[in-house]
Amino acid sequence: MRQADPKPYWNTNVARHPGILRVVPEGCGDALDVGCGDGLLARKLAGRAKRVTGIDRSPEMIARARVLAADCPDLTFVEGDFLTTDLPVAGYDFICSVTTIHHMDFEAALTLMRELLRPGGTLVVVGLAREASVADRAAMIAADPVVRTMKVLRRARGPEGMPVAVPQMSYGQVRAAARRVLPGVRYCRHVLRRYSLTWEKPLG
């Protein structure tokens, strides 16, 4: 029997969910959430895609995700390392990843996502990066009051036990590497200390 979803929570990762859901292709067949955590975004994707797979290397997160989606037959959760695990579908119409890629080899992860994406499919990566330049630090300082206020007003929290890691790549390094791996990628820096990469795989 499915356990009821916990009281809805908000944090600076969840803040990016609406934007991610807006770019899911019409008629999406298979979707993949890399670093799915407790499955919150994957459960939202289930309303936009016929089949959804979530992968995470945390046993605790996957166990929680499976409990919360026990009555969703088209939602599959895989425990494992994204870079080495054989996934249940050969290709996906939509792939997303939220604040997970800095836990992995950045270019290897982007390359694998590119390869797993079907022609015409869409990839969205939301990530964290390091403030390395004067401009980066100025942007962080300017955004800090907004971030703090939003966290207080929305009572920001997340699922307990979520693995954390300090990002090693700077925003500039992320942008440059993404453009090498995903020609034509759209890069955006967000106020709540996140960046996003959006890319559509050519049909040719």
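How many helices and strands are there in the protein? The protein has six helices and seven strands. The model is a predicted one, in which local features need pLDDT of at least 70 and side-chain atom pairs count only at pLDDT 80 or more, while totals for chains, interfaces and linings use all residues. Residues are numbered from 1 along each chain as its sequence is written, and side-chain values use heavy atoms, with hydrogens and water left out.

View 1. From the N terminus on, the elements follow the order α-β-α-β-α-β-β-α-β-α-α-β-β. Helices (H or I, at least four residues) and strands (E, at least two) are DSSP runs, numbered from the N terminus. Of the 204 residues, 47% are buried (under 20% relative accessible area, with exposed over 50% and partly exposed in between; 1.4 Å probe, protein chains only). Among contacts (heavy atoms within 4.5 Å) between residues at least 6 apart in sequence, 70% join residues at least 24 apart.

**View 2. Leu110 in helix H4.** Leu110 belongs to helix H4, residues 106-116, and is buried, at 0% relative accessibility. Apart from neighbours within four places in sequence, the contacts of Leu110 are Ile101, Leu123, Val125, Ala178, Val181, Leu182 and Leu197. Leu182 stands 72 residues from Leu110 along the chain, yet their C-alpha atoms are separated by 8.0 Å.

**View 3. Thr198 in strand E7.** Thr198 is part of strand E7, residues 194-200. Its relative accessible area is 13%, so Thr198 is buried. Not counting residues up to four places away in sequence, Thr198 touches Thr122, Leu123, Val124, Val185 and Arg186.

**View 4. The largest pocket and its lining.** The volume of the largest pocket is about 920 Å³. On a 1 Å grid over the protein atoms alone, a pocket is an open set of points where a 1.4 Å probe fits, with protein on both sides within 12 Å along at least five of seven lines; lining residues have an atom within 4 Å of a point. The lining comprises 41 residues, of which Asn13, Val98, Thr99, Met162 and Pro163 lie nearest the centre of the pocket. Strand E1 (30-34), helix H2 (40-45), strand E2 (51-56) and helix H5 (134-153) each supply at least two lining residues. H5 gives the most, with four residues.

How values were computed: Grid points are joined across faces, edges and corners, and a volume is the space filled by probe spheres set on the points.
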